[in-house]
Amino acid sequence: MTGSRRGFLASAATGTAGLVISFHVPNLVRAAPRAAAPSPPSPNAFLRIASDGSVTVVLAHSEMGQGIWTGLAMLIAEELDCDWSKVRCEHAPAAPVYGHPAMGMQMTGGSSSTRGEFDRYRTVGAMAKELLLRAAAARWKTTPSNLTAANGVITFGGKTLTYGDISGAAMELPPPESVQLKAPKDWKLIGTTVRRLDTPEKITGKAQFGLDVAFPGLRTAVVLRPPAFGTKLVSFDAADALKVPGVEKVVPTANGVAVVARHFWAAKLGRDALRASWSAPEGGGASTEKLLTEFRELARGDGTTVVDTGNVQGALDLAASRCEAWYEVPYLAHATMEPLNCTVKIDGDRCEIWTGTQFQTVDQAVAAHILGTTSDKVTIHTTFLGGGFGRRANPASDFVSEAVIVAQAAGVPVKVVWTREDDMRGGYYRPAYVHRVHVGLDRAGLPQAWHHVVVGQSILGGTPFEKFAVHNGIDGTSVEGIADSPYLDDTRAKHVSLHSPKTPITVLWWRSVGHTHTAFAMESMIDELAHAAGQDPLAYRLALLKGKPRFARALGTAASRAGWGTPAPVGRARGLAVHEAFGSIVAEVAEVSVEGGRIKVHAVTAVVDCGTAVNPLGIEAQVQGSIAFGLSAALHGKLTVEDGKVVESNFHDYPVLRMFEMPRITVHVLRSDGKMGGIGEPATAPIAPAVANAVFALTRQRLRTLPLRLAKEA
Amino acid sequence: MKLDINGAVHEVDASGDMPLLWVLRDLLQLSGTKYGCGMAQCGACTVHLDGNPVRACVTPVSSVGARKVTTIEGLSPDGSHPVQRAWAEADVVQCGYCQSGQIMTAVALLQRKPHPTDSDIDAALSGNICRCGTYVRVREAIHLASRLQRGAK
C-alpha cells in the first residue's frame with residue numbers, strides 16, 4: 001500500500017502556500033507498536049501529580065468522543081499504580097513534544113491515538129513511579145527496591161507516603177534513562193471496563209467546546225462564504241449589515257465577508273443583510289450528477305496501475321464464468337454535531353487560538369504564516385471537539401486560517417461561528433467514487449481473475465501532503481482495502497487501477513476514509529460471487545479465508561452469535577461482511593426487513609479483533625457509534641452539487657440516523673494476540689455491505705449504490 | 001425583559017425575535033444548551049418551558065413570558081439528577097455535544113411516562129440527533145433512570 005493518512009510526518013511547517021513538511025513511516029499499522037520515541041519522553045510534559053495526590057494526565061491528542069480522555073489516562077495509571085479516582089485529564093498545548101510518536105506532527109486521526117501512544121504513555125507512567133520511589137527512598141534513607149507502591153501510596157515497613165506527599169521532590173529528580181514496563185499478565189487496569197472520565201462535565205453542560213469559549217471583549221463573527229465552488233468575491237455592500245443593532249464591523253476575508261458583532265444573533269442577522277456579488281463559477285459550476293457520469297466513463301478504462309499480477313485479461317477470457325458489477329457512493333458531509341468554529345485573539349506577534357481541532361501542528365503553522373510570526377508564538381487551546389470524524393483535521397486549515405484572518409482584520413478577539421448551513425456547504429467532503437469490478441471464476445465459483453477500477457478524487461492530492469503521501473499517482477486512501485483484501489490471496493491474476501479526477505469540490509477524509517467505499521465494493525462483490533456460485537455467503541467467505549485465521553475467526557464468531565444458519569424472524573434476513581481497517585478486523589451481521597419500501601435494520605452483531613483491548617467499554621461504544629455513522633451513509637447520506645452550489649443545507653435535507661432507526665447492537669471483543677489496531681473508525685466500513693447483502697437475501701434486489709434505495713416495486 | 005431561568009429571575013436586554021438559545025448562550029453565559037441546526041431539527045438546544053421540552057433555537061425570547069425556563073445547568077447542582085446518574089452509569093457520552101439536549105428530552109419523557117417502553121423512547125428521542133451514535137446507551141440509560149426514579153420515591 002502507498003501512503004495514507006496514517007502515513008505522514010510533519011516536523012516543521014511554515015504556512016499554507018509554502019508548507020514545508022517532512023514525512024516518514026508509510027504505514028502506522030505496522031510501525032506504531034515499535035515506533036518508540038527516539039529519546040525517553042519527559043514525564044513532566046505528560047503528567048502532573050499535585051500535593052493532594054491528584055494526577056493530571058496531559059493528552060497529546062484531542063478528545064472528540066473516541067474516549068482517549070479515559071484510555072490514554074489508563075495507560076499512564078497502569079504503570080504509575082496511582083489512585084484511579086484521582087486521575088483527571090487535560091488537552092496538551094500545541095508543542096513539538098506532543099508530536100504523534102509515529103507521525104511527528106501533533107494530530108488526532110487514523111484511529112491511532114491509543115496504539116500510537118501505547119508505549120509512550122505507559123513509559124511516562126513507569127518513569128513517574130520510579131521517580132516517586134526514588135524520592136521516597138531518599139526521604140527514608142533506603143533504596144527504592146525496599147519500597148512498594150500501590151493505589152497512590154508508597155509503603156516502607158510500617159511507614160507510608162502518598163504520591164502527593166512526595167511528588168514535589170520526585171519531579172525535580174532527573175528522569176530515568178529507561179524503565180521496565182509491566183508484563184501484560186500484571187496489568188490491573190488495561191483490559192478492564194472503565195467508565196469515562198469526561199462524563200461529569202458532559203452531563204452537566206459544563207464541558208467546554210469551541211463554541212462555548214467566552215471572555216471579556218470577545219466578539220462573534222459570521223462569515224459570508226462563496227455560494228458555489230469556484231467563485232470569487234467581486235464586491236460587497238455592508239451598509240445594511242452595519243445597521244443591524246449589535247453589528248460592529250464588516251471585514252473582508254480571503255474570499256468572503258465577515259460580520260463582527262456583539263453576539264451570534266446580531267452577526268447572523270448582519271450577514272443576512274449583506275449584499276455581495278460573486279463571479280460566475282469556473283467552468284459553469286460543478287455538478288455531482290455530471291461528475292458521476294464522467295466518473296463512469298472513466299471507469300470503462302484502466303487508470304493508474306495500483307496492482308498488476310498475472311494476466312488479468314487472459315484469465316478473464318479463460319474463466320468458467322464471469323461477474324461484473326459497478327458500485328457507487330456519493331459525496332458526504334461530516335455533519336459534526338458542533339458546527340465548525342474558531343476563536344482567535346491576537347496580541348502583537350503573539351496569537352491565542354481556542355478551537356476543537358484534530359490538527360494542531362498544521363493549524364499552528366498556518367496561523368503563524370498568516371501573522372508573519374513563528375509557530376512557537378501561536379498558542380492553541382484545544383477544547384473538547386463536538387465530533388471530528390476527520391473534518392477537524394484539514395491540511396488546508398480552513399476554519400482556523402479564516403478565523404485568524406478575521407481577527408486580524410477586525411482588530412479585536414473574534415469567535416467565528418459557522419451556522420449549520422455554513423458547515424454543510426463549506427466543502428471538504430468524503431469524495432464520491434465509482435468502482436467497476438470484473439471477476440473471472442473457476443468451475444467451483446472461486447475468483448481467479450480480479451479486475452478492479454476505482455474512480456474518485458484524491459484526498460491528499462493538491463494538499464501540502466501530496467508529494468509525500470501520493471506515490472506514482474496513487475493516493476493510498478483511494479484504494480485501501482482492495483489490493484490487500486483477505487479474499488484475494490489465491491486469486492492469481494489481479495489488476496487494480498485508479499483514476500483520480502480533479503474537480504472544484506473540496507474533499508477530505510471521513511471516518512474510516514477509503515474503507516467507506518472499498519469495503520462496500522469488496523464485500524458486496526464477494527456476496528454476489530457467493531450467490532452466483534450457489535453457495536452460502538458465510539461458507540463461501542470462509543473457504544476464501546482459510547489462510548486468514550483472524551478474519552475467519554471474527555466472521556465465524558459474528559455469524560454464530562447472530563444465529564447464521566438458523567431462520568431469521570419472519571420477514572427478515574441477514575447479511576454479513578468483514579473488513580480490516582486501521583489494523584483491526586471487524587465482522588458485522590445485519591438483520592433487516594423492508595417496511596413500506598424502506599429498509600429497516602433491526603439488529604447488528606459485531607465482532608472485533610483489535611489485538612490488545614485497553615478499555616472494552618470504550619471499544620463497545622466506538623463500535624456502536626461507528627455502526628450508527630456507517631448506517632447514516634448506508635441509508636441516507638448524499639451530498640449533491642448543482643451549478644457549483646451545494647443543494648443540501650441542514651438535517652431536514654441531509655438526514656442522518658435517528659434514534660428510531662438505531663438497531664440493537666451487540667459487540668463482542670475477541671481476546672487476541674494480534675497486533676493492536678485502532679477502534680475509532682474500523683467498524684464504520686462493514687455495515688453498508690452487511691445491510692446491502694441482507695437486503696439481497698430478503699428481496700433478491702442487489703443494491704450497488706449508496707445510499708441504498710429499493711426499486712419502487714419492492 | 002425578565003426571564004425565570006433555573007429558579008432565578010434574569011433581566012435581559014434583547015430584541016424580541018432573538019431566539020432563547022442565543023439569549024441563554026451569549027447574554028447569560030449558560031452555554032450548556034447547544035446550537036446544532038437553528039431550525040428545530042437536531043434537539044441539541046432542548047430546554048424546558050414549564051417542564052415541557054422545547055427547541056430554544058426557534059423559540060423567540062419574547063414568547064417565553066412568565067414560563068419557567070429550565071436548562072441543563074438547572075437540572076441539578078452537581079449532576080445528581082436520576083437521569084444524569086443513569087447517564088454516568090451507562091457511560092453514554094462520547095463527544096458530549098448533543099447530550100444536554102438528549103438529557104433534557106429524556107427528563108421530560110420520564111415526567112410524562114415514568115416507565116417508557118423502547119417505542120416510547122424512540123418516539124420521544126428521535127428529534128435528538130447524535131452523530132457519535134450513542135443511541136443504544138441513551139435507551140439503556142433512560143430505562144435505568146426510570147428504575148432509579150422509582151427507587152427514589
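Biologist: What distance separates the centres of domain 1 of chain A and domain 3 of chain A?

Modeller: It is 38 Å, taken over C-alpha atoms. Keep in mind that this is a predicted model.

Biologist: Which stretches make up the domains of chain A?

Modeller: Domain 1 is 29–202. The bounds come from an automatic or database domain assignment.

Biologist: How many residues does the contact take from domain 1 and from domain 3 of chain A?

Modeller: The contact takes 18 residues from domain 1 of chain A and 18 residues from domain 3 of chain A. A pair counts as a contact if the C-beta atoms lie within 7 Å. On the side of domain 1 that touches domain 3, α3 (68–80) and α4 (113–140) of chain A each supply at least two residues. That side of domain 1 divides into six nonpolar, ten polar and two charged residues.

Biologist: What makes chain A agree with a compact globule?

Modeller: Set the value against the rule. For 714 residues, a compact globule would have a radius of gyration near 27 Å. Chain A has 27 Å, so the two agree. The C-alpha trace of chain A spans about 80 × 75 × 50 Å along its principal axes.

Biologist: And what does the same test give for chain B?

Modeller: With 153 residues, the rule gives a radius near 15 Å. Chain B has 15 Å, and therefore it agrees with a compact globule. Its C-alpha atoms fill a box of roughly 40 × 35 × 25 Å.

Biologist: What makes a residue count as buried?

Modeller: It needs 20 or more other C-beta atoms within 10 Å of its own. In chain A, 60% of the 714 residues are buried. In chain B, buried residues are 59% of the 153.

Biologist: Which order do the elements of chain B follow?

Modeller: From the N terminus on, they run β-β-α-β-β-β-α-α-α-α. That is five helices and five strands. Chain A has 20 helices and 26 strands.

Terms used:
Residues are numbered from 1 along each chain as its sequence is written. Chains are lettered from A and ligands numbered from 1 in the order in which they are written. This is a predicted model: local features need pLDDT of at least 70, side-chain atom pairs count only at pLDDT 80 or more; totals for chains, interfaces and linings use all residues. Two residues are in contact if their C-beta atoms, placed from the backbone, lie within 7 Å. Helices (H or I, at least four residues) and strands (E, at least two) are DSSP runs, numbered from the N terminus. Ala, Val, Leu, Ile, Met, Phe, Trp, Tyr, Cys and Pro count as nonpolar, Asp, Glu, Lys and Arg as charged, and the others, Gly among them, as polar. The radius of gyration is taken over C-alpha atoms; the globule rule is 2.2 Å times the number of residues to the power 0.38. A residue is buried if 20 or more other C-beta atoms lie within 10 Å of its own, exposed if 12 or fewer, and partly exposed in between; C-beta atoms are placed from the backbone.
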